[in-house]
Every structure is written in C-alpha cells, then in structure tokens.
Amino acid sequence: MDWGTELWDQFEVLERHTQWGLDLLDRYVKFVKERTEVEQAYAKQLRNLVKKYLPKRTAKDDPESKFSQQQSFMQILQEVNDFAGQRELVAENLSVRVCLELAKYSQEMKQERKMHFQEGRRAQQQLENGFKQLENSKRKFERDCREAEKAAQTAERLDQDINATKADVEKAKQQAHLRSHMAEESKNEYAAQLQRFNRDQAHFYFSQMPQIFDKLQDMDERRAARLGAGYGLLSDAELQVVPIIAKCLEGMKVASDAVDAKSDSHVLIELHKSGFARPGDVEFEDFSQPMNRAPSDSSLGTPSDGRPELRGPGRSRAKRWPFGKKNKTVVTEDFSHLPPEQQRKRLQQQLEERNRELQKEVDQREALKKMKDVYEKTPQMGDPASLEPQITETLSNIERLKLEVQKYEAWLAEAESRVLSNRGDSLSRHTRPPDPPASAPPDDSNHSSQDKESSEEPPSEEGQDTPIYTEFDEDFEEEPASPIGHCVAIYHFEGSSEGTISMAEGEDLSLMEEDKGDGWTRVRREQGGEGYVPTSYLRVTLN
C-alpha cells in the first residue's frame, strides 16, 4: 500500500503528517542535546568531588598514604574519576552522532519536503487553471447557444410578419446564421477544452500526484528509519562504556576488599614507634633524713639551680614523654633528633636513595665509556674528547656518593646498635623486680654489664637485610632479583618515557618492587624486560 493510491485525495493530511514527523525529529535532537548537558554537568560534578577529596600532599610526603584504608580510598577516587570520564565520553558521542548529524539530516528533510509540496501545489494550480478554462468555454458555449436560438426565433418571427420588409428579414436570417455558427465554434472549443481537461485531470490523479505522494512517503519512511537509528544511538552510547564502567565498579570492589586492618596497625607501628626503652621506676626520695642522703647516678638529686633531676640510664626526663613538654628540635643530617627507630628508618631510606643514585651514575659512566669507544672507532659519529667533561663529572659524582654511602652506613650501624640496646634494657627492666624504697642507690654494675652485652649483640634482621654497597666495580654484574609478588594489568599502558615499560590489558606480570609512594611500581614481563608502570593500573598480589 502506498500513499499515491490510498491517499490520493488527502493532500492536506500528508502535509500535516510530514510536518509532524520533522517536528518529532527536532524534538528528539533537542532532548539529546539537553541529555548531553546533564551528562557533562554530572561528569564535572564528579571530577570536582574527586578533586575536593584528594589529599593536598603528594603520596611521597603523606605518611597516611601507607595505610591500606587510604590507598583504597585513593583507588576509589581514581575509579570515580574514570567513571566521570566515561560520562563525558557518552556526552561527546551523543553530541556528535545524534545532535549534529540528526540536526543536519532534519534540515535536508525539510528542504526535500518543501520541494515535493511545491511541486504538488504547482500541479494543483495547473489543474485548477485548466478547470477554469473549461468552465469559461462551457459558459461561452451556453451563452452562444442561447443567443443563436434567440436570433433564429427573431428571424422566424420577422419572416412571418407581413409588415416586415424583405431587408429586415434577410438581416435577421443572417444574424441567426452568424449566431448559429458562433455557437458551433463555442461547442467545438468547449469539447476540445473538456477533452484536454479530462486528460490533465487523469494525469494529475493517476500519475503526477501519486508520484509526488510516493516521494513524500519514501522521504517520511527514511526519516522514521533514521530517527529509529537515532533512538538506538542513545543506548549504544551507554553500552559502549558499560565494560569500562564495570571495570571501574570492579576496581572499587577490589579497593574495598584491599582494606587490611592488621596491616594498617602494623604500618602505624612501623611509622611511629620510637625505639625508646620504657621508663624505669621512679626512685623513692627520703626527705625525712635530708642530711644522710648521698647523691648517686640512680637517685634524685638537687642541682645547683634548685630543680630536681632524675638521673640514671633510661631515666632521663626527656624520655618521660607523656608528662613532659615537647621542645623544638633542630633537624640534623644524621636524624639524631628523631627517636632511635625513626632515625634508623630515615637513615635506611637515605642509604637506599644514595645507593640508587650511585648505581645510576655507574650506569651512566658505562654508557659514556661505550659511546666514547664508538666515537674512537668511527670518528665521523662524534668527537671522543667531547665526552671527557661528562665522564669526569660522573666520576666525581661517584666518589661523592661513595663517601655519602659510607657515612650513612656508619650512622645506620650506630642507630641499629642503639635500638638493640634500648630493646635489651627495656626487657631487663621489665623482668627485674621493683627496687625497694631506700636512700641508698642501687648497684649500677648490672646496668653497665647489660648495656655492654646489648651493644655486643648482632644487628637485627632488618639491618642485615639492608643492602649496603661499599664498592661498585666496573665489571660488576647484578644477579636478577626474584619476584616478590604477582600482578595483573587492569588497563593498557604505553610506556613511552624513560624507565617505563608497556603492558597490555589483562597481561600477567611479575612484581619486582612495590610502590614507594610515588605512584609507580617496577614489574617484569614474561617475555623479558623490566620497568615502571602506574600502580593504579595493577591488581597486585604479594607472595
């Protein structure tokens, strides 16, 4: 069924329907445009929300970043930020593929519709003009026939009138004959006009208008099909980002499962334990016999300024932190202003940084030497002498870093011995019975022997596990380290900068070094090659 056959007399209905279809197309375009504005506003609010809750300090300077709770929260913020990016992508796809393209298509449809209806109105106007000409010829034929009949009656009456002259009779007969001839011509013209109008009318209703209506039907069906496809684009834009949004939600679930209360408690201990020994018992001061009291290193004495002073190892007022005021400390290079345990950790970090810098300088010197050899063998590639300043500077940096490594090694060894001494003193003080209240000082020989034994104990396992490099030979070859865990790439990463490595989504990798707080993790690929990748792109499992 087509419009040209079934709706041949519904020109105005088709005009209203096609206009309604184009209006519907424009309404949908406007709806999608407002939908994109909603998506963009939603994405912007999500990004602002993430920015609001991001920590002001970098992960390296923020000790709270070491807690699994904070790491999970940061991962959730990152996933929400990625989710916002997907909403922006939906808005962009809808704006380009629906708003712009359908708006352009709507303008094309309006032009085509206008052309078809103009053609139909011209055909209607031509048919109406033909009908007017037919009516005019019909009225002229009718008028001529009445006048011819009237002239014939006049001639017959004069012919029968005995008083009429012969000239009047002849004139009346000529007039009747003329009118009869004019009526015959009008009849022929009317018949020809009628035949022409019937032919034009048949062409109009059976050929011309059906073709125009069929074109309008084809146009409207194409518009409806395109609008239906536009409806589908609304869901396609969502389905396109569903897998990535699912990964964002999965990442949030992984982040929630990654919270480890025990681990966070251990991190808190490692961050803030001082390494001081617990304070010993406060000695009894017998003021009932002031003249008989004898000052000793383990009892309360009165200095020259009149203030009481607590003497004895492990009994200094500075170590009774719950009751004392915090004084401003001066930061020193060996971190002696910190508690023993914190001092040991900071020295360990500084030593590792110096070792990394030293290894980097050694590698750079090796590269410069190889480049110099290449220049010497092929002078056209470069001047070997131009590398001498860089080699000299590298050697100077190596010597400087070696001295710093030795300096930090000495400070670290001293700090570790101090930590062990405090541990031994704390244990011995915890197990011995309390001193009896008496004016006589206790014997300090036990304390001195215990301190001596503690200082002779071997260093702790933490100190032994720390790599301490004193020399870097040019021919030194480091054995490949064993992985400390396993990780899977959540997203694709293109390692384009120096020190990074590329990885594909879903790729299995070996974990070689954990994130040090800078957002990067060192991994090894199965086919070979090591480098750094973003920590947030990995799902890590430690051995």
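Predicted model: local features only at pLDDT ≥ 70, side-chain atom pairs only at ≥ 80, totals over all residues.
## Exercises on charged side chains

D144 is buried, with a relative accessible area of 5%.

**Exercise 1.** Determine which residue forms a salt bridge with D144, and where the two partners lie.

*Solution.* Start with the partner: D144 forms a salt bridge with K140, and their closest N and O atoms are 3.2 Å apart. The cut-off for such a pair is 4 Å between a side-chain nitrogen of Lys or Arg and a carboxyl oxygen of Asp or Glu. Next, place the residues: both belong to helix α3, 4 residues apart, about one turn of the helix. D144 is buried at 5% relative accessible area, while K140 is partly exposed at 31%.

**Exercise 2.** Decide whether E361 is buried or exposed, and find its nearest side chain of opposite charge.

*Solution.* First, locate the residue: E361 sits in helix α6, which spans residues 340–377. E361 is buried. Then list the surroundings: with neighbours within four places in sequence left aside, E361 is in contact with T394, N397, I398 and L401.

**Exercise 3.** Trace the salt bridges of R522 and state how accessible its partners are.

*Solution.* One partner is E513, with the closest N and O atoms 3.2 Å apart. Another is E530, where the N to O distance is 2.6 Å. For accessibility, E513 has a relative accessible area of 18% and is therefore buried, the limit being under 20%. E530, at 37%, is partly exposed.

**Exercise 4.** State how many salt bridges the whole structure holds, and which residues join E39 in a network.

*Solution.* A search of the whole structure gives 27 salt bridges. In the network, E39 is linked with R35, R87 and E238.

**Exercise 5.** Identify the residues that form a positive surface patch with K60, and say where K60 is found.

*Solution.* The patch consists of K60, K66, R356 and K516. K60 is found in the loop between α2 (11–53) and α3 (68–160). Its relative accessibility is 63%, so K60 counts as exposed; the threshold for that class is over 50%.

Key: Residues numbered from 1 in each chain as written. Heavy atoms only, no water. Helix = DSSP H or I, 4+ residues; strand = E, 2+ residues; numbered from the N terminus. Buried < 20%, exposed > 50% of the residue type's maximum accessible area, 1.4 Å probe, protein only. Lys, Arg positive; Asp, Glu negative; His and termini not counted. Contact = heavy atoms within 4.5 Å. Patch = residues over 30% accessible without salt bridge, like charges linked within 9 Å, V, L, I, M, F, W, Y side chains within 5 Å. Areas by Shrake-Rupley, 256 points an atom, 1.4 Å probe, with all protein chains shown as cover. Charge placed at Lys NZ, Arg CZ, Asp CG, Glu CD.
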